[in-house]
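Reader: I would like to go through this structure with you. Could we settle the terms before the details?
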Amino acid sequence: MSSPSTPDLTPVIPRRFRAVFLMLVACFALWGLLNNMTDNLVPAFESIFGIKPSESAGVQISFYGAYAVLAIFAAMMVEEFSYRTGVLIGLGFYMIGALIYIPACIMQSFDTYLLGIFILAGGLSILETSCNPYVLSLGPEKTAVRRLNFAQAFNPIGSLAGIFLAKYVILANLKGNDQATQLFWVCVPYVGLIVVAAVIWFFFVRHKTADNPYTDTASEQKMQSGLSKPALILLYLICIAIPVGGLVAANCLMENPGVLGEKVCQLLIVMCGPIVFTLLIRTYRQMLSTLLKLPRYWVGVIAQFFYVGVQIAVWTWLNKYCCLQLGLSEDTAATYYVISLILFIVCRWVATYYMKKFNPASMMALFALIAIACCAGAMYLPADVLFTIGGLPFSANVICLILISGGMSLMFPTIYGIALGGLDSRVVKLGAAGLIMAILGGAIITPWMGAIIESTESLWFALVPAADGAWNEALKTSDLALRASMVVPAICFGVVLLYSLIFRKPESN
């Protein structure tokens, strides 16, 4: 890590932009809350509708499919209009998607819920594509990464709120109630949060800013498509209709949607629409060509893919790991997830503070190394209980698993800021879309790690020959499989480490 220098006293958020920044921070917390709350819909819908895990996976396919598809749509939209327009439309999509939960509840229709989830997640995708570069633009470039880390620090706070809403509003009302009552409680938090989204929406309706307010470049010439507004609207509708139709066709044609390879095919199908139209429009094709000539950017997209994948994978399987290693019930093991998330929040705040003294990329390299070491600890350290706090047992390997969340804390916004750093403002919006599309990693890396966890034999088992291979029928895994699966996050953190080392200097391409 580079040696500390004189502290930078430049304000991270200039005073005149603090109201806008506050509302953008509310958006960060909102999508963090909704992401974590939606994760709990998978087991909830399995219980409510009595469907198989392969069928309930439609929730993740709809959610991550929307992120992968609509990020490009959002980039086109904010390029033609503004970041503010993207925020307004993203919030609007969320509110429409949440309202669809009401007829889905009345009809007791799983497919209608999937439609609502797709539209809701599409709104979140548009929000992320718009809000991240919007935050970067609200001040000088030298504080951009710190500013984004500061804003992103509120995202896990929303995630924590989402966990509690899911646990005490949705999951707590599944037992002992009929299907209609269960579905009612699924709707309550999503529909209730429309009030929060509406407040933010009305703020941005009234508050108009340029796309680069700090440099006052509202009149800057933008690379636009040259299409009329009606043609643009038609194009946007096609961008939505093609992937949605592709997803429906994929679900109808594929017999086993739970298979990893078929999930990937479904997501590739829904991504075809916006990618084709991006290539057909000359200005956007030129923008894409420019981005692909910049290794700092396109390698950043790859690094973001692996980072998002490892975050979702580690948190998805953390509960199962703690259940088997410590012999706990699922309810008790869920507490370790909350502890991990709190550590994630604290480390992100601390990292954001120290970025004014140290190079963000160097800090990320250090955090990646720590995370890789913790993966090794989760693979090889014993499960013997070392101490107990508040009735919760802690072993060396479980402590390492929790510490991984601290290592992940600064990665998403830091990769984002490094990848977009120094980009021409004419291509930064499409660049932002690529980094949001990388959220697709959550739908690829998580099943990959899950396939090892649920396997009775795997090539990766050779890495932990001393582990116990006895099969646990209740958890559908073994100590051997769980420990071997930790190679997946180690590989992902290795990719992030390489990116941070190669592009740690601001002037590197």
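Author: Buried means under 20% relative accessible area, exposed means over 50%, and partly exposed lies in between, with a 1.4 Å probe and protein chains only. This is a predicted model, in which local features need pLDDT of at least 70, side-chain atom pairs count only at pLDDT 80 or more, and totals for chains, interfaces and linings use all residues. Residues are numbered from 1 along each chain as its sequence is written, and side-chain values use heavy atoms, with hydrogens and water left out.

Reader: Is glutamine 108 buried or partly exposed?
Author: Glutamine 108 counts as partly exposed because its relative accessibility is 33%. Its phi is positive, about 55 degrees, although the residue is not a glycine.

Reader: Where is glutamine 108 found?
Author: Glutamine 108 is in the loop between α5 (83-107) and α6 (110-136). Helices (H or I, at least four residues) and strands (E, at least two) are DSSP runs, numbered from the N terminus.

Reader: And what is the phi of lysine 476?
Author: Lysine 476 has a positive phi near 55 degrees, and this residue is likewise not a glycine. Lysine 476 sits in the loop between β3 (471-472) and β4 (477-478).

Reader: Changing topic, how many helices and strands are in the protein chain?
Author: The protein chain has 22 helices and four strands. Of its 509 residues, 57% count as buried.

Reader: Which residues is tyrosine 307 in contact with?
Author: Leaving aside neighbours within four places in sequence, tyrosine 307 is in contact (heavy atoms within 4.5 Å) with Phe344, Met408, Met411, Phe412, Ile415 and Val496.
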